[in-house]
Amino acid sequence: MTENPAHTTLWPAPHASGATDTTVHVPGSKSVTNRALVLAALAAEPGWIRRPLRSRDTLLMAGALRALGVGIEEGVGPDGSGEVWRVIPSGLAGPATVDVGNAGTVMRFLPPVATLADGDIRFDGDPRSYERPLHGVIDALRALGARIDDQGRGALPLTVHGGGALDGGTVEIDASSSSQFVSALLLSGPRFNQGVEVRHTGERLPSMPHIRMTVDMLRAVGVQVDEPETGGEPNVWRVTPGALLGRDLVIEPDLSNAQPFLAAALVTGGRVVIPDWPAHTTQPGDALREIFTEMGGSCELTEQGLVFTGSGQIHGIDIDLGEVGELTPGIAAVAALADSPSTLRGVAHLRLHETDRLAALTKEINELGGDVTETADGLHIRPRRLHGGIFHTYDDHRMATAGAVLGLAVDGVQIENVATTAKTLPDFPAMWTGMLTGAAGA
Ligand SMILES: O=C(O)C1=C[C@@H](OP(=O)(O)O)[C@@H](O)[C@H](O)C1
Ligand SMILES: C=C(OP(=O)(O)O)C(=O)O
């Protein structure tokens, strides 16, 4: 966890002078957009992606697929229906270079795609991307017949020597450090000669909703998937080889990016409406309805969207967040403002996310006067009166939004490099101030 000296810009996090009462239109899901791009690129016919997220992670994904030869035309739908991307698959080819930035979805989902390309595909990214786990994908692809040169690092940077096809078959992996290892192999699996059977051998498997999302989206493009939750063997996923259909898909709002706005209603005892909240979804952010209700709010799914209301009281929580790890920074921020202690468990793998999120949250909340301790797999948070100060973000979008939540209740919080929210929510600062003036995306 190092601080980047270039990121000295400080954003005074707005302090809330009253209860929020607003509607916030949250842009599309990062996880759904990037899966949709990969599946459309591997399809046998063109497809459409409506209301995609336009952010650093999704533009990196689109750029990488274009570098491999895929056509992605960006346009606008009729009468304010938002952006529409048309994806035109083609024979994948190198040589090409892929910049993964610090996007887990790009660094994990694309090496399997690259094995299907004809030619060398080089992968590189931000310094932090070299530290994030990738060995599960590299070792699995080698076992399935791929040639990969990673100079023995088991991590980025690396070159996939694409042979135009991959045998595929059965492979064992330990995905306890990232569910994205499993998703990565399943997404390209239908295009492997023998499909793929992924057998997870590790003790824990984080972020199950994201694996469900992968399975659901594969099925939606006509792929046959056998998996544990519909009667398959535990920890085994099997994808049958076959053609992927081109689809016309509308991307759901990013429910993890709705989190800071829901948190704002909780912290200010206010109200927020999130339009287009899906009635059924695999996004982990849907768990916020329950989690933030337990922490003091209440919510209702209406025709207008999700209506979430704070009661003016915030309660601590004892919870295993292993399934929904990406919600941890936002929950930790709310927990630091609660009327009782919290224990957040099951998220040791967050130490290898955009930054070491457990260390970063502990240090930054404590520097504002808080009392947070790291445990083996999470955080203990004992609320205390906080004071203003600089909240460092370590190039982590969710650290920046967590700091903004604290700033609502604590005067004088300054967020370092709020622009890092561009990873998944480039308009965050304007949406946040708009929310406080009742104009967020309305
Ligand atoms: O597949 C996905 O879209 C994601 C899976 C999760 O990764 P991990 O399982 O590595 O935590 C999550 O944290 C990440 O934000 C998005
Ligand atoms: C962990 C996250 O992202 P990534 O897709 O880079 O893993 C996140 O968005 O919280």
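Domain bounds here come from an automatic or database domain assignment. I keep that in mind, since this is a predicted model and I want to start with its parts.

**Entry 1: the two domains.** I looked up how the protein is divided, and I found domain 1 (10–27 + 254–436) and domain 2 (30–250). Their C-alpha centres lie 29 Å apart. I then checked where they touch: 18 residues of domain 1 are in contact with 20 residues of domain 2. On the domain 1 side of that contact I noted seven nonpolar, six polar and five charged residues.

**Entry 2: ligand 1.** How many residues surround ligand 1? I got 13, and the closest are Ser 31, Ser 178, Ser 179, Ser 207 and His 210. Two elements give two or more residues to this shell, namely H3 and helix H6 (180–188). Next I sorted the shell by class, and it came out as eleven polar, one nonpolar and one charged. Which domains does the shell draw on? I found at least three residues from each of domain 1 and domain 2.

**Entry 3: ligand 2.** Around ligand 2 I wrote down Ala 103, Gly 104, Thr 105, Glu 326, His 353, Glu 354, Arg 398 and Thr 424. By class I have four polar, three charged and one nonpolar residue there. I asked about domains here as well, and at least three residues come from each of domain 1 and domain 2.

**Entry 4: a sheet.** I followed four strands that form an open sheet, in the order E6-E7-E9-E8, with mixed pairing. Which strands are at the edges? They are E6 and E8 (148–149), each of which pairs on one side only.

I began at the E6 end. E6 (residues 96–99) and E7 (residues 118–124) pair in the parallel sense over four bridges, and Val 98 has Phe 123 in E7 as its bridge partner.

Then I looked at the faces of E6. Ala 96 and Val 98 are on the covered face, whereas Thr 97 and Asp 99 are on the uncovered one.

I found Asp 149 opposite Thr 159 in E9.

Conventions:
Residues are numbered from 1 along each chain as its sequence is written. Chains are lettered from A and ligands numbered from 1 in the order in which they are written. This is a predicted model: local features need pLDDT of at least 70, side-chain atom pairs count only at pLDDT 80 or more; totals for chains, interfaces and linings use all residues. A residue is near a molecule or strand if its C-beta atom, placed from the backbone, lies within 6 Å of it. Ala, Val, Leu, Ile, Met, Phe, Trp, Tyr, Cys and Pro count as nonpolar, Asp, Glu, Lys and Arg as charged, and the others, Gly among them, as polar. A residue is buried if 20 or more other C-beta atoms lie within 10 Å of its own, exposed if 12 or fewer, and partly exposed in between; C-beta atoms are placed from the backbone. Two strands pair if DSSP finds at least two bridges between them. Two residues are in contact if their C-beta atoms, placed from the backbone, lie within 7 Å.
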